[in-house]
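Here's a quick briefing to read alongside the model. It starts with the pocket, then moves on to the domains, the salt bridges and some backbone details.

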Amino acid sequence: MNPDVRRAAEILRAGGLVAFPTETVYGLGADASSAAAVARLYAVKSRPADHPVIVHFADTAPAFEWAREVPAGAQALAARYWPGPLTMILKRSVKAQDFVTGGQDSVGLRLPSHPVAQQLLRKFGAGVAAPSANLFGNLSPTTGQHVRDDFSRQIDLILEGGSSEVGIESTIVDLSGGAPVLLRPGGISKTQLEETLNSKIEEKKSHYPRHSGGLERHYAPKTPAVLVPPHQLDAEIARRGASVAVLAFSRPDERVDYWIRMPREPRAYAQRLYAALRELDAAGCGAILIESPPETAEWDAIRDRLTRAAG
Ligand code: TXA
Ligand code: MG
């Protein structure tokens, strides 16, 4: 076991904040049953108090105790995809208090698969409220260093766990109403969910209540980002001159100093996305040009994050 895990669990018990690796992105954890700990979590992140936070567990049974109704579809998804990059929104039980649900009658539940997250959650033995470990609205962190870049002394411990394998946040499916609704695309695709649920999934409605991943400009670098179709990239670089950074599938162009070439395979692309955007953001250019990914379903989650990054 990672030797810091024991200390991390003690910190959580004492109401402290621990950043920990998950397979999607790093989370910033607090005891989900402690109003004071969760209040501190929101303060450190500068997150508005009415935004609900996901509660993390090591096992399915204690996770479902936080829901007052567990539909058959949720059981099926848990059996198939937990632990893994899937968050389910269910009707909350009395365990999920207003300070984690943002006052909503539902709660977000997830079992991360990263071994360090598993160890921590098992050692702590209860629900851990954890948003991504970045300042509100910024890019999510996929390494311990990214967490340190956003927070210096405000958090009590950062557990190291290498680069997050999935690289973008979990898929969120809302099963708290009638038909299931996809709130955020992610590592588990809509098609995979539909196969397990044996029913169609609706896409998020535009005015879905208080769901921060639903804000138009979110997961965003500080440098203005622009999505550019592949056939316009060359002209766009010519028009803007040397002051741009580029994230593209093609080989670097001599005119541009900051260029990151991305994989043409969506899983490899997702894994590197946030680190790449952070690196280009740090270059201090006038704009980041992002070559648009293909319009196919396997790029849905990435297209979602890039569209938000471009505001
Ligand atoms: O991959 C992930 O999900 C990461 C890791 C750390 O687990 N966590 C994460 O948390 O991305 P956060 O807080 O950055 O994003 C969680 C999203 C937010 O957009 C939040 O509004 C939504 O989940 N959410 C949580 N509970 C909800 C609820 N009851 N109803 C609707 N949306 C909810
Ligand atoms: Mg986040």
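This is a predicted model: local features need pLDDT of at least 70, side-chain atom pairs count only at pLDDT 80 or more; totals for chains, interfaces and linings use all residues.

First, the pocket terms: on a 1 Å grid over the protein atoms alone, a pocket is an open set of points where a 1.4 Å probe fits, with protein on both sides within 12 Å along at least five of seven lines, and lining residues have an atom within 4 Å of a point.

Residues are numbered from 1 along each chain as its sequence is written, with chains lettered from A and ligands numbered from 1 in the order in which they are written.

**The largest pocket**

- The lining has 30 residues, and Gly186, Gly187, Ser189, Glu298 and Ala301 sit closest to the pocket centre.
- Elements giving two or more residues to the lining are β9 (181-184), α8 (190-197), α10 (266-282) and α11 (300-309); helices (H or I, at least four residues) and strands (E, at least two) are DSSP runs, numbered from the N terminus.
- The largest share, six residues, comes from α11.
- By type, the lining splits into twelve nonpolar, six polar and twelve charged residues. Here Ala, Val, Leu, Ile, Met, Phe, Trp, Tyr, Cys and Pro count as nonpolar, Asp, Glu, Lys and Arg as charged, and the others, Gly among them, as polar.
- Domain 1 and domain 2 each put at least three residues into this lining.

**Two domains**

- The assignment gives domain 1 (3-203) and domain 2 (225-309), with bounds from an automatic or database domain assignment.
- Their C-alpha centres are 28 Å apart.
- Across the interface, 19 residues of domain 1 are in contact (heavy atoms within 4.5 Å) with eleven residues of domain 2.
- The two bury about 1300 Å² between them, 57% of it on carbon and sulfur atoms; buried area is the accessible area (1.4 Å probe) that two parts lose on being put together, summed over both.
- Leu139, Ile168 and Pro185 supply 46% of what domain 1 buries against domain 2, more than any other three residues.

**Salt bridges**

- The whole structure has 21 salt bridges, each a side-chain nitrogen of Lys or Arg within 4 Å of a carboxyl oxygen of Asp or Glu.
- One salt bridge is counted between domain 1 and domain 2.
- Glu169 and Arg305 pair up through their side chains at 2.7 Å, N to O.
- Asp156 and Arg40 form another salt bridge, at 3.2 Å, N to O. Asp156 is in the loop between α7 (144-150) and β7 (157-158) and Arg40 is in helix α2 (residues 35-45), so this pair ties together parts 116 residues apart in sequence.

**Backbone details**

- Most residues other than glycine have a negative phi, and most peptide bonds are trans.
- Trp82 and Pro83 are joined by a cis peptide bond, with omega about -5°; Pro83 is in the loop between α4 (72-81) and β4 (86-91).
- Ser46 has a positive phi, near 55°, and lies in the loop between α2 and β3 (54-56).

Terms used. Side-chain values use heavy atoms; hydrogens and water are left out.
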